Structure formats: structure tokens, C-alpha cells
Amino acid sequence: FKGGDTCEYLLSSGRFLGEKVWQPHSCMMHKYKNSEAKNCLIDKHVVFVGDSRIRQLFYSFIKLINPQVKEEGIKHGNIPFEDKSASIKVDFLWYPEVNGSMRQRIKSWTEGSVAKPHIIVVGAATWSIKIHNGSNEALAQYKINITSIAPLLEKLAISSDVYWVLQDPVYEDMLSESRKMITNEKIDAYNEAAVRILNSSSRNSKAKVKVFSVSKLIAQETIMKSADGLHLPESSRDTNAMILMNVYCNKIMKPIDGSCCQPQPPLTLIQKIAFCFFTLSIIGYLVVSLIHRNNYRKNKSCTDLEGGEEKKPAISTPNVSTLEMLLHCFCKLGLIMTYFYLCDRADLFMKENKFYTHSSFFIPIVYILVLGVFYTENTKETKVLNREQTDEWKGWMQLVILIYHISGASTFLPVYMHIRVLVAAYLFQTGYGHFSYFWIKGDFGVYRVCQVLFRLNFLVVILCIVMDRPYQFYYFVPLVTVWFMIIYATLAVWPQIVQKKANGNCLWHFGLLLKLICLLTCIYFLSYSQGAFEKIFSFWPLSKCFELNGNVYEWWFRWKLDRYVVFHGMLFAFIYLALQKHQMISEGKGDPLFSNRVSNVLLFISIVSFLTYSIWASSCKNKTECNELHPSISVVQILAFILIRNIPGYVRSVYSSFFAWFGKISLELFICQYHIWLAADTKGILVLIPGYPMFNVLVSTFIFVCVAHEISQITNDLAQIVVPKDNSTLLKRLLCIAGFFSGLHFFSAMQDQSRH
């Protein structure tokens with residue numbers, strides 16, 4: 001379904017999500033702050049012309065610029081407003097009827113001597129109905145007057161934004177006796193006349209007067225809350241003012257979560273090069289595949305008529321198969337990236353705002369938990385945090401995070417704090433997993449480092465190119481990448497202390513603890529020295545990776561939020577492996593981790609700690625204060641969960657294959673959701689099938705999961721080709737990668753220069 005003209009949709013259609021959140025059809029509406037409104041309207045002159053209903057809209061509009069404004073102006077007179085700091089002028093002109101006086105005022109703006117307003121909002125009808133007692137003669141005169149005004153409005157529309165506001169319905173039961181003649185039937189007749197005349201006139205005009213009809217839909221839902229049956233309640237007129245702001249400002253401010261009225265961004269130079277590369281890959285794969293199949297047919301096994309034996313075909317060279325595999329991967333990736341671009345950069349599919357309700361978050365959570373329990377299987381090994389268990393852990397956490405994002409649950413603080421623990425748990429696993437590998441294997445080779453860095457960053461680098469986003473935008477990948485390098489540096493730097501060496505002499509354990517203490521000291525220092533942190537990451541080329549909106553504050557905030565949890569993961573791995581080495585824990589199938597008495601005590605403490613943290617998180621009142629405590633205490637719930645999951649032998653011996661399957665592609669799921677499940681860079685929801693929310697989520701989710709799984713396969717296949725085990729070949733590949741990033745930087749600099 002093509003998105004169409006989103007401005008037209010914003011002005012004419014939509015629905016309420018809940019009581020006060022308005023959702024335009026097919027696009028997302030940005031909620032403008034005062035500073036944003038001022039920046040958009042700087043040096044602008046806005047005029048509202050009409051009756052008391054237009055005056056209401058005028059007040060709601062200027063409150064977006066200055067919330068302190070009070071509605072104290074003359075009721076039946078002109079009301080000026082000026083914001084001198086931004087040179088903004090907004091005037092209300094009292095013209096309650098469409099007549100000669102209104103025409104004369106509008107005509108004065110079409111003459112060269114008078115400065116034209118940048119935005120003109122006009123509308124009136126109820127006074128004509130009231131004064132003339134709803135007579136047909138008044139309606140006929142209204143049509144004549146609008147017909148005479150329409151050409152003037154179209155002339156103004158060439159250089160200004162002109163909006164004709166249709167009349168809202170009334171709540172007839174609440175109208176006073178003096179307004180009883182204002183019926184919805186009469187209002188519909190006046191609106192129909194205005195629309196027909198303006199539309200017929202605009203066919204012969206270069207510019208078009210925009211009909212503001214969405215207020216009718218809003219009023220139909222809210223007019224019964226009106227104080228007098230005629231004027232809209234404050235929340236409704238505020239919505240109208242916000243729509244007006246979106247119509248004018250979105251094309252200027254280009255907010256991420258304001259897709260209405262935003263033009264499609266032009267392709268950048270890097271995007272064009274990427275498009276050419278993927279196109280050539282697809283063509284190349286088709287050509288190589290065709291040649292390969294023809295050769296296969298020629299060399300197909302045939303029977304030797306004399307000997308009666310089957311001749312075997314010649315074996316194809318490895319180079320051909322590697323090339324075909326490489327082209328096959330980029331062919332699939334090119335098609336997938338096209339889908340990414342169409343979903344979140346092209347004006348093809350619709351996008352909608354998120355709207356949080358408790359049911360939209362908790363019902364899917366219960367559903368996936370039931371599914372997860374249903375797919376219970378025995379683990380291959382019964383060690384603490386074995387591979388199946390960690391995959392399961394990643395899987396259910398990722399599914400909860402996905403539901404959190406699509407439901408907009410970040411507005412509900414208790415849920416937000418628990419999700420922060422899940423993100424911390426991912427980083428805890430990063431510390432635990434990489435420390436365990438280096439400690440046990442002692443493999444600090446370049447191959448291992450390159451494999452990990454490639455698998456973590458491949459998809460994000462491609463998305464940075466295709467979607468024209470900075471690396472730091474996908475914040476979680478930079479986070480795990482930097483922490484992996486910190487873990488590697490901590491353990492690889494002299495003296496290298498590994499398990500094999502430490503087993504020979506216990507003093508090496510103290511050496512490792514000293515390293516960990518030094519790491520903790522550095523983390524503590526950087527977390528309380530924003531200046532030092534920003535200086536480190538402001539140096540080129542780090543600044544190119546970690547800057548967002550021209551500074552590294554966002555990166556510092558993200559790093560600081562979970563600054564201790566990776567260290568906790570490393571420390572836990574060290575203690576666990578030490579206990580395992582000295583046979584102080586029992587990891588047999590069905591056996592409790594410790595003696596029955598110790599296991600019961602630890603299990604009780606863990607459950608109490610887990611619940612205590614949840615109670616604290618649920619009682620959070622202020623996000624800033626809770627975020628300050630989070631880095632130090634998130635480990636409590638993480639450790640409690642690990643102990644609850646691993647102390648009982650039976651629980652440790654089983655896992656959910658359903659969650660584990662998702663856990664294997666958790667990184668791809670986390671990154672792909674930005675553009676093909678959510679929309680507008682996670683700010684909204686992608687709509688493939690409008691009008692059917694549940695069916696839309698099912699279809700988009702199925703495609704999203706399939707794409708994430710396919711990208712995981714592509715990444716694994718390419719990792720074997722791009723990062724070979726042979727050191728000399730690997731060095732050549734690294735030089736090629738360095739050349740690729742140098743070229744990317746060069747084209748990026750050209751791009752930035754052309755933008756400026």
C-alpha cells in the first residue's frame with residue numbers, strides 16, 4: 001500500500017489512540033517542544049482569521065511557542081502576539097463572517113505594498129448561521145462570498161501556506177437557546193459548500209488552499225466534553241494546533257518521529273555507491289551461477305559404454321566456489337537492504353506512532369512465556385550458564401525487549417527499569433563469556449579478535465551505509481565492541497595471566513585480581529570525569545565512530561548507564577571457574593549446585609533479592625535518580641536470576657529451545673528492529689497492512705524474524721571468507737578492510753562538504 005501524500009492524510013484523516021493521543025492515517029506526528037516551535041517559526045508572521053473557534057486555535061498555537069500565555073484578549077476583537085526573542089508574530093483577526101470585510105482584509109495581503117503573512121489560517125460559518133437563523137439565503141450568500149475569496153486565497157497560497165478550517169460539529173443538547181439554530185445539518189451544508197468551491201477553484205490554480213478538515217474528526221469524538229456544546233475542549237484544540245505545527249514545521253525541522261509532510265530524503269553519494277555495488281553483486285551472482293550450472297551439465301556423470309563404469313566429473317576449483325558464495329551472500333544482502341530502505345527511508349509503507357497500554361505489553365509477555373515453557377528440552381551439558389542456557393537467556397530477554405519497544409512501554413517507569421536490567425544482563429554475558437574464553441583458552445591471537453569484531457559490526461556497518469546513519473546510532477553494538485576490546489586489553493596486556501599459568505602458581509590469581517582492580521579504578525574515574533571521557537573519544541578517528549549530533553554525550557550516557565556490569569560479569573566468571581577448578585560446586589545432572597542446606601539458603605536469598613529489586617524498580621518515581629543507582633545495583637537481580645536458574649539440578653538440566661533459537665540471532669533481532677519492524681528509527685511502528693493492527697504485527701514480525709535469521713547466516717558465511725585462519729591471508733584482508741574504511745571516510749567527507 002503506497003503511503004501517498006502524508007500531508008493530505010494529516011489534514012484530513014486519523015483516529016484516537018486512547019483518549020488524547022491522535023494518530024494520523026499513515027504517518028507519524030511529532031510533539032513539538034517550545035524551543036523547536038520557536039526555531040521553526042523564527043522570523044515568521046502567522047495570522048488566524050475567523051470567529052471564536054479560530055480564536056481558540058490561535059491560543060493553542062501560541063501556547064506551543066510560549067506556554068505562559070493567558071487567554072485574556074478581547075473576545076470580539078483583534079489579538080496580537082509577539083515573541084521578540086525569535087522575531088515571531090502571531091495575530092488573531094476577528095472576522096466572524098465570510099463577507100466583504102474579510103475579503104477586503106485578504107485582498108490587502110495580495111497587493112504588493114503589504115507584507116504577506118507566512119501562514120494564514122481562515123475559517124468561519126457559525127455566526128452566519130446564528131445571525132440569519134439558519135436561513136437558506138444566508139447559505140447562498142456564504143457560497144457567493146467564498147467564491148469571491150477563493151481566488152485571493154489561491155494567489156496568497158503561491159508564496160504562503162493557506163489553510164481553510166472546516167466547521168466542527170456541535171453538541172446540540174448542550175447549546176444555549178440563542179445557538180439552537182446551529183445544527184450539525186447546517187454545518188455540514190456550509191462545509192460541503194466551502195470544500196466544493198475551494199476544490200473547483202484550485203483546479204485552475206497553480207497553488208492550492210489546504211482544507212483543514214481533520215478537526216471535524218477530532219470534534220466528533222470530543223465535542224460531548226465541551227463546556228457549551230460549541231467550543232472544543234482544550235485537549236482537542238491543542239491537538240489541532242499540534243497538527244498545524246506538524247504540517248508547516250516537519251519539512252523544516254525534519255524530526256525523526258514526524259514522518260507526516262516530510263519529503264523523502266535524497267540518496268547520498270555513499271548510498272548510490274552501495275546501490276551500484278549490490279546491483280553488480282546480484283548480476284555477478286546470476287552470471288557465475290549460470291556458468292557454474294552449464295559446466296555442471298557438461299561434466300555430469302555418464303556411463304563408460306566399454307568399461308560399464310561411471311565417470312566422475314572434474315572437481316571445481318575452490319576459488320570459484322568461494323567467489324560464488326561471496327556473490328550469493330551479497331546478492332541476498334542487497335535484496336534485504338532494499339527492503340530495509342523501502343521500509344524506513346522511502347515513502348512506500350505507512351508509519352504510526354506508538355501508544356502504550358498495560359495490556360499491549362503484558363499480554364504478549366505472558367504469551368511468549370507460555371510458548372517458551374512448552375518447548376522445554378534437556379541440555380547437552382549441565383554446567384552453570386552452559387551454551388543452551390545462555391542462548392535461552394538471550395532469547396527471552398530479546399523478545400521482552402522487542403515487545404517493550406513496539407508497545408512504547410518506555411513511558412512506564414517500572415517496565416523501563418526492568419528492561420534496563422535486561423540490557424545490563426546482555427553486557428554481563430559479554431564480560432562473562434569473553435573472560436571465560438580468554439582465561440581458559442589463552443588465545444589472544446588476531447584471528448579471534450577479528451572474528452568477534454566482524455560478527456558484531458558487519459550488519460551495523462552495512463546499515464550505516466545504506467540507511468545513512470552514524471555508527472553510534474546503533475548504540476548497543478559500539479557498547480559491546482568497546483567492552484570486548486577492554487576485556488581483551490585487560491587480559492592480553494603484560495603479564496598475560498591465564499588459567500593454565502595460574503594453576504602452576506596461586507600468586508597469579510592475585511595478579512589477575514590486581515588487573516581487575518585497575519580496570520575498576522579506570523571505570524570509576526571515567527564515569528565521574530565526563531571531560532576526560534569526552535576528550536578520549538573526541539580524537540579522530542574515534543570521534544567519527546562515537547559522535548552523535550556533533551558530540552559524544554550520548555555515547556558517554558550509554559556507557560555510564562551500565563559501566564560496572566561487564567566488570568561484574570568478568571569477576572563472576574573468575575570466581576565460578578575457581579570454584580569449579582577446586583570442585584567446590586556439583587554440576588552433575590539433577591544435582592543441586594551446593595549441598596542441600598547451602599543451596600536452600602542461597603536460593604531463598606536469591607528469590608528475596610530478586611523480588612526486592614523488582615519492588616524497588618516498581619516504586620521508582622524519577623528516571624534520572626533511578627538511573628544513577630542502576631549501575632551499582634543491577635547486578636543484584638542478574639546474580640539472583642543466575643542462582644535461581646542454576647542451583648536446582650533439574651532446572652539447570654533443561655532449557656527452552658524456543659527461546660534458545662531466538663537467542664542465537666538476538667543481535668540481528670536487536671539491530672533489524674530499528675528499520676523493518678519499528679519505523680522512523682525506532683520512534684514508530686511499521687505498517688504494512690493498514691486498518692488491521694494485529695494482522696499487521698503478525699506479518700511484519702514474520703518477515704522481520706526471517707530477515708534477522710537470514711542476516712545471521714550471511715554474517716557467519718562471510719566471516720569464514722573475510723576472516724581466514726591463515727595469518728598472511730588475514731593480514732591482506734585487514735589491509736583491504738583498512739582501504740575500504742579509508743574510502744568510506746573519503747566519500748563521507750565529500751558528502752559532508754556538499755551538504756554544507
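## Basis

In this predicted model, local features need pLDDT of at least 70 and side-chain atom pairs count only at pLDDT 80 or more, while totals for chains, interfaces and linings use all residues. Residues are numbered from 1 along each chain as its sequence is written, and side-chain values use heavy atoms, with hydrogens and water left out.

## Overall pattern

The structure holds four disulfides (cysteine sulfur pairs within 2.5 Å). Counting bonded cysteines along the chain, the pattern is 1-6, 2-5, 3-4, 7-8.

Cys27 bonds to Cys260, S to S 1.9 Å. The link is right-handed, with 90° about the S-S bond. Cys27 sits in the loop between strand 2 (21-24) and helix 2 (34-41), and Cys260 in the loop between helix 9 (234-253) and helix 10 (269-298), so the pair ties together parts 233 residues apart in sequence. Helices (H or I, at least four residues) and strands (E, at least two) are DSSP runs, numbered from the N terminus.

Cys40 lies in helix 2 and Cys249 in helix 9, 209 residues apart. Both Cys40 and Cys249 are buried.

## Cys620 and Cys626

Cys620 joins Cys626, S to S 2.0 Å. The link is left-handed, at -125° about the S-S bond. Both Cys620 and Cys626 are buried.

Cys331 is in no disulfide; its nearest cysteine sulfur, that of Cys329, is 9.8 Å away. Cys331 is buried, with a relative accessible area of 9%. Cys518 is in no disulfide either; the nearest cysteine sulfur, that of Cys522, is 6.8 Å away.

Key: Buried means under 20% relative accessible area, exposed over 50%, partly exposed in between (1.4 Å probe, protein chains only).
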